[in-house]
Amino acid sequence: DQDGFIDNYRGWDFVGKDNYPEDSTGFKGHGTEVTGIAAALTDNNHGIASMGYHCRFRPYKIFGDKPKAAYTNYLAVAYA
């Protein structure tokens with residue numbers, strides 16, 4: 001799609017500059033928790049119902065093990 005990000009259909013890691021946006025920290029961060037609540041499947045037999053019924057999301061990783069400058073936040077918001 002010529003946007004400068006290779007294979008970004010599954011999200012983007014602005015820290016590692018690759019298409020692997022999974023949370024690699026020892027704990028799951030705020031964004032992971034909020035996305036899990038917002039995009040959970042409704043009637044999934046796990047005791048949670050989604051606020052965004054049939055919503056889609058694209059993950060962007062902006063913090064790694066050691067948070068960097070706010071520049072990665074800016075890049076993710078500008079890209080989104």
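**Close-up views of a predicted model**

**View 1. R10 is partly exposed, with a relative accessible area of 35%.** Here "buried" means under 20%, "exposed" over 50% and "partly exposed" in between, using a 1.4 Å probe and protein chains only. R10 pairs up with E22 in a salt bridge, and their closest N and O atoms sit 2.9 Å apart. The term stands for a side-chain nitrogen of Lys or Arg within 4 Å of a carboxyl oxygen of Asp or Glu. The partners come from distant parts of the chain, twelve residues apart: R10 lies in the segment before strand 1, and E22 in the loop between strand 1 and helix 1. E22 is partly exposed too, at 34%. The structure holds one salt bridge.

Residues are numbered from 1 along each chain as its sequence is written. The model is predicted, so local features need pLDDT of at least 70 and side-chain atom pairs count only at 80 or more, while totals for chains, interfaces and linings use all residues; side-chain values use heavy atoms, leaving out hydrogens and water.

**View 2. D13 is buried but has no salt bridge.** Look for D13 in strand 1 (residues 12-13). The nearest side chain of opposite charge (Lys and Arg count as positive, Asp and Glu as negative; His and chain ends are not counted) belongs to K61, 4.1 Å away. The side chain of D13 does reach the backbone nitrogen of G16, at 2.9 Å. Leaving aside residues up to four places away in sequence, D13 touches D18, Y20, P21 and K61, where a contact means heavy atoms within 4.5 Å.

**View 3. K17 has a positive phi, near 55 degrees, though K17 isn't a glycine.** You'll find K17 in the loop between strand 1 and helix 1. With a relative accessible area of 63%, K17 counts as exposed.

**View 4. I37, I48 and M51 make a nonpolar surface patch of about 290 Å².** Patch members have over 30% relative accessible area and no salt bridge; like charges are joined within 9 Å, and nonpolar side chains (Val, Leu, Ile, Met, Phe, Trp, Tyr) within 5 Å. I48 sits in the loop between helix 1 (30-38) and strand 2 (60-61) and is partly exposed at 34%.

**View 5. Zooming out, the chain reads β-α-β-α along its sequence.** That comes to two helices and two strands, taken as DSSP runs numbered from the N terminus (helices: H or I, at least four residues; strands: E, at least two). Of the 80 residues, 20% count as buried.

Key
Accessible areas come from the Shrake-Rupley method with a 1.4 Å probe; for residues, only the protein chains shown count as cover. A polar contact is a pair of N or O atoms within 3.5 Å; within protein, one must be able to donate a hydrogen and the other to accept it, and residues adjacent in sequence count only if both atoms are side-chain atoms.
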